[in-house]
Amino acid sequence: MAAFVNKRSEALGEAMETQAWSDHALDCGYIVEAQHSSFDRQWQQIGGMLNRMIDRASDFCKSAGAP
């Protein structure tokens, strides 16, 4: 289960880095506010899913033969 949580934590970190680059792209004028808002909404959904997966890791890490 520790490996499962670790990989989800890594994915969350990568998503946070992507959000920071999206903020930077907006600040530099590479994207417009509408694009940034769309990216941010998607990031929020992905981050929420990853957090829920981390919180419920035991639900995802049951052995194959367990009831």
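The questions below move from the overall fold to single side chains. This is a predicted model, in which local features need pLDDT of at least 70, side-chain atom pairs count only at pLDDT 80 or more, and totals for chains, interfaces and linings use all residues. Residues are numbered from 1 along each chain as its sequence is written, and side-chain values use heavy atoms, with hydrogens and water left out.

Q: Which pattern does the chain follow along the sequence?
A: Helices (H or I, at least four residues) and strands (E, at least two) are DSSP runs, numbered from the N terminus. The chain has three helices and zero strands, and read along the sequence its pattern is α-α-α.

Q: What is the radius of gyration of the chain?
A: Taken over C-alpha atoms, this value is set against a globule rule of 2.2 Å times the number of residues to the power 0.38. For 67 residues the rule gives 11 Å, so the chain is more spread out than a compact globule, with a radius of gyration of 16 Å.

Q: Which residue forms a salt bridge with Lys7?
A: A salt bridge is a side-chain nitrogen of Lys or Arg within 4 Å of a carboxyl oxygen of Asp or Glu. With the closest N and O atoms 3.7 Å apart, the partner of Lys7 is Glu10.
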